[in-house]
Amino acid sequence: MGVLRAGLCPGLTQEMVQLLKSHGIKTVVDLASADLEEVAQTCGLSYKALVAVRRVLLAQCSAFPFNGADLYEELKTSTAILATGIGSLDRLLDTGVYTGEVTEFVGSPGSGKTQVCLCMAANVAHSLQQNVLYVDSSGGLTASRLLQLLQARTQDEEEQAGALQRIQVVHAFDIFRMLQVLQDIRGAVAQQVMGSSSTVKVVVVDSVTAVVSPLLGGQQREGLALMMQLARELKMLARDLGVAVVVTNNVTRDRDSGRLKPALGRSWSFVPNTRILLNVGEGTGPLHSHRVACLTKSSRQPTGIQEMVDIGSWGTPEQSPVLEGNQT
């Protein structure tokens, strides 16, 4: 369910929202599950007003059946496709990243995950003139690199400055800060949808591994629960608010086969709608700009398709060959 905000229903004022949030009640679920008598006492609010607001919110947010035709029409009108600016990568993604979905780039350190995210952020902000929110949890974001990417596309300093202003950056170096940031984003985007057209279209999380991996394994039993809470926040942000969510993930080696696979285990594998694996190509070193991108999960394209991606420049030559892979 959604984040509480003024105007969500009759009687829910900005003052009431602020008082509720100050006592940890931030979403409709929080309010629905709270003891309203206790909330009324601690927040200094009218018990009858709280009951009335909760009754209306439950009626508004309850599930009602839809037929397939209505859902398909809604999908067509609400889905946007945002190009990454890298031609070969867009071909793998079926023309770009989709709003309402989570797209994941997987690879070892130095495979180009952050570079791809920076290229995409620069392209969406400059060419598409849409707002991007970049959540940096690994310290890989540098403003100088973003500026270099924009300078490669335009020499107009005003255009460069405008694009940079459309890229908002937040640092989150632990899971709790990350969850707080995502909840704040949901609230902010929801208000933007209601109030203006200048909404965030892409949220980049680079990377999920940096905040989740320290919690997994050993005696830290709450790690899996926190990871799945993060997954829910990302999916809700994409689905409920029509945002394209892009995340990066590391790789680990399988104990039995010895092959590389995405980190964070099977539970996380169901989170991304689309997953692309980035590898250093044969005959090239880690400092070389070319990478092999392989589509390993998709609902639109056959998996196993590979493309050579040039992460050193914004875009790739059209003659870049398609690498054949096993298709399933």
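In which strand is the place of Thr 274? Thr 274 lies in strand S10. The model described here is a predicted one.

## Thr 274 and its surroundings

Thr 274 is buried, because its relative accessible area is 3% and the cut-off for a buried residue is under 20%. Setting aside residues up to four places away in sequence, Thr 274 touches Leu 93, Glu 101, Val 102, Thr 103, Glu 104, Leu 295, Lys 297 and Arg 300.

Thr 274 can also be placed relative to Leu 92. The two are 182 residues apart in sequence, while their C-alpha atoms are 10.0 Å apart in space.

Strand S3 covers residues 102-107 and is mostly covered, with six of its six residues buried. Both faces of S3 are covered.

S3 pairs with strand S10 (residues 274-280) in the parallel sense, over five bridges. S3 also pairs with strand S7 (residues 244-249), in the parallel sense and over five bridges. Phe 105 has a bridge partner in each of these strands: Thr 248 in S7 and Ile 276 in S10.

## Helices H3 and H4

Two packed helices are described by the angle between their axes and the distance between the axes. Helix H3 (residues 36-43) packs with helix H4 (residues 47-61) at an angle of about 125°, and their axes are 9 Å apart. The crossing of H3 past H4 is right-handed.

Which residues of H3 meet Tyr 47, Leu 50, Val 51 and Arg 54 in H4? They are Leu 36, Glu 37, Val 39 and Ala 40. Sorted by class, the contact of H3 with H4 has six nonpolar residues, two charged residues and no polar ones.

## Gln 160 in helix H9

Helix H9 spans residues 157-165, and Gln 160 is found in this helix. Is Gln 160 buried or exposed? Gln 160 is buried, because its relative accessible area is 7% and the cut-off is under 20%.

Apart from neighbours within four places in sequence, Gln 160 is in contact with Leu 147, Leu 150, Gln 151, Thr 154 and Gln 155.

Key:
Residues are numbered from 1 along each chain as its sequence is written. This is a predicted model: local features need pLDDT of at least 70, side-chain atom pairs count only at pLDDT 80 or more; totals for chains, interfaces and linings use all residues. Side-chain values use heavy atoms; hydrogens and water are left out. Axes are lines fitted to C-alpha atoms, for helices over the stretch in contact, and angles run from 0 to 180 degrees between N-to-C directions. Helices (H or I, at least four residues) and strands (E, at least two) are DSSP runs, numbered from the N terminus. A crossing is left-handed if the near helix is turned anticlockwise from the far one by less than a right angle, and right-handed if clockwise. Contact means heavy atoms within 4.5 Å. Ala, Val, Leu, Ile, Met, Phe, Trp, Tyr, Cys and Pro count as nonpolar, Asp, Glu, Lys and Arg as charged, and the others, Gly among them, as polar. Buried means under 20% relative accessible area, exposed over 50%, partly exposed in between (1.4 Å probe, protein chains only). Two strands pair if DSSP finds at least two bridges between them.
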